[in-house]
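Q: I'd like to learn how to read this model feature by feature. Can you take me through it?

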Amino acid sequence: MKKISFIFLLIMMTFILTACGGIKDTNNEFDKSKNITIYTRDTTSGTRDGFFTGINFKEAIKDNTKLKSTYVQVESNGEIITNLNNDEYGIGYISLSSLNNSNLLGLPFNNIEPTNDNVINGTYTLTRNFNYMIRNDYNDDKVRQIVEAFVAYINTIDGKTTIINNDGIVEIKSTDKTWNDIKDQYPIISEDNSTITINFGGSTSVEKIAKALSAEFSPKAGNFIPDHNHTGSGDAFKRTQGTEKDGANMLHIAFASREFKADEMINEGTFGRICIDAIVVVVNSKNTSLTNVNPEILKNVYSGAVNTWEEIE
Amino acid sequence: MDYFVRKHINEKQIRKKIIMDKIVKNIFMFITLLCASVILLIILFIAIKGISPFIKDYIINDQKYRVNFYRFISGDTWFVAPNIYGIGFIILNTLYVVFLSLIFAIPSSVLTSLFITKIAKKRLSYILIVIIELLASIPSIVYGVFGIGIITKLVKGLSNLFNYQSAGGISTLTTSLVLAIMIMPTITMLSITSIKAVKQDIENGSLALGATKTQTNFKVVLISAKSGIFAGIILGVGRALGEATAVSMVAGNAGSGPTFNLFATTRTLTSTMLMGLKETTGLDYDIRFSVGIILIFVILITNVILNFIKRKIGRMS
């Protein structure tokens, strides 16, 4: 028995020691003959939708079988960051707002650096818009007035600051007004609205921004009750102006992390853009193989048409 | 003498007490039924949601779809748009991962419990028991973070030794190691209890026959305690099969399989349920409940089998 336990201990020790030795090995130079490991979000993710739309590989948005079969699927920006820091030979995509402090290399897209300025001036194109849609008809006129005040608030300096603080990208122009400048146009906000519930919903990607905006705006507009029920971009039109607009899940203000389709934009003036969300392709900081990506490279990498880092070059 | 005899028995009082007894009995009955019905409700809810993908039509892109059950249960690819789901390989992967984690966990937890109960000094064993109780109460997300931060690095180093390029250490091996660490406290705690319950006489008898302490520990104490140790293993298997958060962080969630390669990514039933649950609707949402039903069945069947083995082992001596 002693022998057995001794052998067991020996195996454990060698396992731990060799593993530690292995870690040191990985500090070597970047080896271009190695395989590329692709990292992706799961099929329900808005970032994934934005990424594959942006690189013109729409078949893969909802379909993992279109990807190289050895893909690794994770659930958040944070997990992609942790995993890529572990894996020199991985490639992934995250929200631009997560790039800072990630220790990863954010790659230029079509030779344009991923920065906030380039997103705003429109040269960096791996982006998606966050849009809102409001109702066309209201049961209660007070609700209509609050909703309109909210939409106006989104475009003030106050609203835009909140959006930026919550990782949205939007430009504050010199012509933008503060909420104090325009609030007199919305007399409803000086009333006590604490019995009125405003229903927010739509895209889950916009949820963070929407919640921050409503939490900030409610005290400024008579303490209305914001009720958030975010289920996906597809419900934005459906629950404000479409088939479910009078159902139990109806919404007053809905958000979409994609462009509205032609048959959804039927009522002028009921929709618009809130901000831009940029996606950036990231690799491990030791990666010396890629200095720029374009849709073609990314499609080849994600579909498995190229396997090793050498082949890209 | 009068003092010791009850003067008279008040019939009213007795009746009151009997009524009181009945009321209390009914209240207890009601509470028990309430608890039991929660389980029924959960099963009913999961069953209704989980069966609907196979019998109800879902409208996706203006066309009606439902899921083929045979393909679902035997499939080797998780999802092909719009309506082909397969979890056959996921069931195999899950069982494989749990089996591996047991191989890691059982020897170390049984040896630990033996050390704590029979070899360590009182003070030390007390400290060790406190530590193991602490381990048992650590939430799974913490194990997940530990796994993704430390164990992936170890596994990555190991795979480099074998000249195999793993996905930064995200692999079957990592998953089973994380699970092994998670179920070790469970198995250890139950083993400690069952080893403590072994009668001192048996041990003394063995020692009196001339066996050494080590011989006694392995050949007498462990054998006598095997039934309790096995109960611990059954609990551990239950925990390993049901663990979702930590697993989905280190498994890599491969889309097809089954994979038996230690360094390749894998996918378990629980991580499949968890992935994207918060952001999806319709068929893709309901199908996760179908996976839940299958998971419940897998757990039930493994428990029945393990209990059967336990009884067999218990009879052998």
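A: Let's start with the labels: helices (H or I, at least four residues) and strands (E, at least two) are DSSP runs, numbered from the N terminus. This is a predicted model, where local features need pLDDT of at least 70 and side-chain atom pairs count only at pLDDT 80 or more, while totals for chains, interfaces and linings use all residues. Residues are numbered from 1 along each chain as its sequence is written, chains are lettered from A and ligands numbered from 1 in the order in which they are written, and side-chain values use heavy atoms, with hydrogens and water left out.

Q: Where is B:Ser113 found, and is B:Ser113 buried or exposed?

A: Buried means under 20% relative accessible area, exposed over 50%, and partly exposed in between (1.4 Å probe, protein chains only). B:Ser113 sits in helix H3 (residues 88–119) of chain B. With a relative accessible area of 0%, B:Ser113 is buried. Contact means heavy atoms within 4.5 Å. Setting aside neighbours within four places in sequence, B:Ser113 is in contact with B:Thr188, B:Ser191, B:Ile192 and B:Ile195.

Q: How do I read the area buried between chain A and chain B?

A: The size of an interface is often given as the accessible area lost when the parts come together. Here that area is about 3,200 Å² (lost accessible area, 1.4 Å probe, summed over both parts), and carbon and sulfur atoms give 58% of it. In residues, 34 of chain A are in contact with 37 of chain B.

Q: How many salt bridges are there between chain A and chain B?

A: One (a side-chain nitrogen of Lys or Arg within 4 Å of a carboxyl oxygen of Asp or Glu). In that kind of pairing, B:Lys156 meets A:Glu88, with the closest N and O atoms 3.0 Å apart. H1(A) gives the most, with six residues.

Q: Which residues touch the most other members in the largest nonpolar core?

A: In soluble globular proteins, nonpolar side chains tend to be buried together. A nonpolar core is a set of buried Ala, Val, Leu, Ile, Met, Phe, Trp, Tyr and Cys residues joined through side-chain atoms within 4.5 Å. The largest one has 47 residues, and A:Phe51, A:Phe52, A:Ile91, A:Tyr302 and A:Trp309 touch the most other members. S9(A) provides the largest share, seven residues. Leaving out neighbours within four places in sequence, A:Tyr302 is in contact with residues including A:Phe51, A:Phe52 and A:Ile91. Apart from this core lies another, of 44 residues, with B:Phe72, B:Trp78, B:Phe79 and B:Leu306 among them.

Q: What do the buried residues of H2(A) pack against?

A: Those residues are A:Gly46, A:Thr47, A:Arg48, A:Gly50, A:Phe51 and A:Phe52. They pack against S1, S3, strand S5 (127–134), S9 and H10 of chain A. Just after H2(A), A:Asn56 takes a positive phi of about 65°.

Q: What is the phi of A:Asn101?

A: A:Asn101 has a phi near 65°, a positive value in a residue other than glycine. A:Asn101 lies in the loop between S3 and strand S4 (105–106) of chain A, and at 80% relative accessibility it counts as exposed. A:Asp167 also takes a positive phi, about 75°, although it is not a glycine. A:Asp167 is partly exposed, at 34% relative accessible area.

Q: Which salt bridges does A:Arg144 form with A:Asp141 and A:Glu148?

A: An α-helix has 3.6 residues a turn, so residues three or four places apart point the same way. A:Asp141 and A:Arg144, three residues apart in helix H5 (residues 141–154) of chain A, are separated by about one helical turn, and their side chains meet at 2.8 Å, N to O. A:Arg144 also bridges to A:Glu148 at 3.0 Å, four residues apart in H5 of chain A.

Q: What about A:Lys160 and A:Asp176, buried or exposed?

A: Both are buried, and they form a salt bridge with the closest N and O atoms 2.7 Å apart. A:Lys160 lies in helix H6 of chain A and A:Asp176 in the loop between H6 and H7, so the pair ties together parts that are 16 residues apart in sequence. Over all chains, the structure holds 18 salt bridges.

Methods
Buried area = accessible area lost by both parts, 1.4 Å probe.
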